[in-house]
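Visitor: I am new to this structure. Please show me how to read its features, one at a time.

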Amino acid sequence: MSADWSSFFFTSTASRQSGEEPRNDTEDEVVEPDQGNVLSHIISQLRPGADLSRVVLPTFILEPRSMLERITNFMAHPETLLPMPTIDDPLERFVSVIRFYLSGWHIKPPGVKKPLNPILGETFTCYWDYEDGTRGYYISEQTSHHPPKSSYFFMAPEHNIRIDGTLKPRSRFLGNSAASIMEGIAILRLLNHGKNKEKGERYILTQPNMYARGILFGKMKYELGDHSYVKCPENDLVADIEFKTKGYFSGTYNAIGGTIKNEKTGEVYYELSGLWNGEMYIKSPHSNHKDLLFKATNAKQTPPKARPIEEQSERESQRLWQSTVRAIIARNHEVATEEKSKIEDRQREEAAKRADEGVEWHPRLFRRVQGGPKGPDEGEEDLDWIINAQIDMHNPELAAKQILAITPIVKGQKESSQFEIPPHSRSSESKTSSAGELKNDKEQKENQKTPAEGNLIDL
């Protein structure tokens, strides 16, 4: 059982079908009674700068949900999400995007917990029913295992909002801390704006890095750190947001600072400040007056809805991990470890079968980005993967039908086929290469390794 600590820091409470978990703002986690017995084993494996993907972790640090489900925190505040396309002024619209971007970081359970690391080909879908009678749809798939990549798609057709993203975390051990370097991007599109009516007005979003302090002794602490960016190339706007880590002798936890400026001229329009788990403010550099941007304190997120587990296919997150999740919730670490190992063993067997048959794995729901000059996905190369469907982004009714045709999302929909082993094609049946395909050659080879060739099993 080796651990991909890259997902260790995703500490969300976003919903399961049973409802929303209670919010707890406790930032520290007291060492559990059985933690000391495990830490000596962890310590023996760690060296500064070590690759954390090969470190064995106990199950009591696991959050009872998959990374693919955790990503839905990004869309958990419709009160900041849905108004964005309705704002006419480009600068104020950009400010609304920043408000949306900052509104989800506060969502976390007590302490520092690690979501279950998705297996190759795992999927998760869900939807939101909004107060105005419209819906938002979410589709995700683990598109790579080594390196880990979680690709996702979201759309609220009636509100002219679409988000495509791929999360690509890397992790490092730093003594009594662990760091997750958050690579990958999300592209937010406001489809009723922008010069390109097909692409809409695009916003490129990155993420802060994440740190777990006190992983070996003392109390555990979760921090966001370093710089992230939100850019709107069409309007020459960029937000540089610093998530500040607390210094040893000075500073405070959970602070942010930043600016919104014109990327071409360098003119600063606004300054940002506050706490990402508290009150965040925006002000003009020419004034001392601050306006409240978002108040995370006691903010209530809106959890998505998922199909009943009995309707889900074997590779959908909630059904795939249900036995492990039950054991984690019951704090039965022995059973949790056993159930998780069954899934890991299955992944080993699938990798071995692909290697024996000389096949390459390909995602079911996402395709490689076709970037480069004049490519259909030009400028979106860092996504790596994008939803494999044609969607009419200016016809909400048709778009909803096209999205629902990709894979089951709402209750009552049935999977057209199930895959015991993720879809694959023989290596000899190579398709015409694109820039995206060439970029992913190494990744495809890693995903078809047998256990003897490489480390395949993550938490």
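Visitor: Leaving aside its neighbours within four places in sequence, which residues is Leu 188 in contact with?

Guide: Contact means heavy atoms within 4.5 Å. By that rule Leu 188 is in contact with Met 84, Val 97, Phe 100, Ile 161, Arg 162, Ile 163, Glu 201, Arg 202, Tyr 203 and Leu 205, with neighbours within four places in sequence left aside. A word on the source: this is a predicted model, where local features need pLDDT of at least 70 and side-chain atom pairs count only at pLDDT 80 or more, while totals for chains, interfaces and linings use all residues. Residues are numbered from 1 along each chain as its sequence is written, and side-chain values use heavy atoms, with hydrogens and water left out.

Visitor: Which residues touch the most other members of the largest nonpolar core?

Guide: The general idea is that in soluble globular proteins, nonpolar side chains tend to be buried together. A nonpolar core is a set of buried Ala, Val, Leu, Ile, Met, Phe, Trp, Tyr and Cys residues joined through side-chain atoms within 4.5 Å. Buried means under 20% relative accessible area, exposed over 50%, and partly exposed in between (1.4 Å probe, protein chains only). Here the largest core has 62 residues, and Ile 98, Leu 102, Ile 161, Ile 163, Leu 188 and Ile 260 touch the most other members. Helix H4 (residues 90-102) gives the most to this core: eight residues. A second, separate core has 18 residues, including Leu 365, Phe 366, Ile 406 and Val 410.

Visitor: How many helices and strands does the chain have?

Guide: Helices (H or I, at least four residues) and strands (E, at least two) are DSSP runs, numbered from the N terminus. This chain comes to 10 helices and 20 strands. Of its 459 residues, 57% count as buried. Take the contacts with a separation of 6 or more: residues 24 or more positions apart account for 64% of them.

Visitor: Where is Met 75 placed?

Guide: Met 75 sits in the loop between helix H2 (67-70) and helix H3 (78-81). At 0% relative accessibility, Met 75 counts as buried. Leaving aside neighbours within four places in sequence, Met 75 is in contact with Trp 128, Tyr 138, Tyr 152, Phe 154 and Ile 163. Sequence distance and space can be set side by side: Met 75 and Tyr 101 are 26 residues apart in sequence and 9.2 Å apart in space, C-alpha to C-alpha.

Visitor: Is Trp 128 buried or exposed?

Guide: Trp 128 counts as buried, at 1% relative accessibility. Its place is in strand S4 (residues 123-129).

Guide: On a 1 Å grid over the protein atoms alone, a cavity is a set of points where a 1.4 Å probe fits but cannot get out; lining residues have an atom within 4 Å of a point. Grid points are joined across faces, edges and corners, and a volume is the space filled by probe spheres set on the points. The structure holds eight cavities of 30 Å³ or more. S8 gives the most, with three residues.

Visitor: How many disulfides does the structure hold?

Guide: A disulfide is a covalent bond between the sulfur atoms of two cysteines. The test used is a pair of cysteine sulfur atoms within 2.5 Å. This structure holds zero disulfides. Cys 126 is buried, with a relative accessible area of 0%. Cys 232 is buried too, with a relative accessible area of 0%.

Visitor: Which residues does a cis peptide bond join?

Guide: The bond joins His 146 and Pro 147, with omega about -5°. Pro 147 is found in the loop between strand S5 (135-144) and strand S6 (149-156).

Visitor: What is the phi of Asp 226?

Guide: Asp 226 has a positive phi of about 80°, although it is not a glycine. Asp 226 is found in strand S11 (residues 220-232), and counts as partly exposed at 31% relative accessibility. Asp 384 also has a positive phi, near 70°. Asp 384 lies in the loop between strand S18 (366-368) and strand S19 (385-387), and counts as buried at 2% relative accessibility.

Conventions: 1 Å grid on protein atoms, 1.4 Å probe; cavity = no way out; pocket = protein on both sides within 12 Å on 5 of 7 lines; lining within 4 Å.
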